[in-house]
Amino acid sequence: MAPGPALQRINAILHSEPLASVVYSLYWSCILCLVVPFSAIALLPLCIYRILASWWFLDWNGAKAYDPAAWKQPNDITELAVVVTGCDSGFGKELALWAAEAGYVVFAGCLKKESFAQFDV
């Protein structure tokens, strides 16, 4: 069912150019000034809870949830491996060589077959 002629006339007036810009400006001003701050206020308790939980609460193992000292570290560095792509030259090559010197197992990816010769041990 189509709206009546009175509503169509009001719609035409509201969408005419000088008035349409003012109406849109007022609408988005209300959204930005009222809805966004209320959204931030509604999310504030969640943010506070997350901060307090990370400081005080424990994880399932009984250790502090965000305590880096409690994280398991590997016993031997040979247990660690890295994958480096772009090892033909530049940053990828330097990173792969540095990781190999540091004791990591390096999986180097090169574009050209000839580039693998620089990594022969």
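Reply: A word on naming to begin with: helices (H or I, at least four residues) and strands (E, at least two) are DSSP runs, numbered from the N terminus. With that in hand, let's go to S115, which sits in the segment after β2 (105–109). Bear in mind that this is a predicted model, where local features need pLDDT of at least 70, side-chain atom pairs count only at pLDDT 80 or more, and totals for chains, interfaces and linings use all residues. Residues are numbered from 1 along each chain as its sequence is written, and side-chain values use heavy atoms, with hydrogens and water left out.

S115 is buried, since its relative accessible area is 12%; buried means under 20%, exposed over 50%, and partly exposed in between (1.4 Å probe, protein chains only). Its side chain makes a polar contact with the side chain of D88, at 2.5 Å. A polar contact here is a pair of N or O atoms within 3.5 Å; within protein, one must be able to donate a hydrogen and the other to accept it, and residues adjacent in sequence count only if both atoms are side-chain atoms. Set aside the neighbours within four places in sequence, and S115 is in contact (heavy atoms within 4.5 Å) with D88 and C110.

For contrast, take another serine. S21 belongs to helix α2 and counts as partly exposed, because its relative accessibility is 35%. The S21 side chain has a polar contact too, with the side chain of E17 at 3.0 Å.

Now the wider chain. It has three helices and two strands, running α-α-β-α-β from the N terminus on. Buried residues make up 7% of the 121 residues, and S115 is one of the buried ones. Of the contacts with a separation of 6 or more, 33% are between residues 24 or more positions apart.

How far to trust all this? pLDDT is the predictor's confidence in each residue, from 0 to 100. The chain's mean is 78, with 78% of its residues at 70 or more. Among the elements, confidence is lowest in helix α2 (residues 17–56), at a mean of 82, and highest in strand β1 (residues 81–85), at 89. Where pLDDT is low, the predicted coordinates should not be read in detail.
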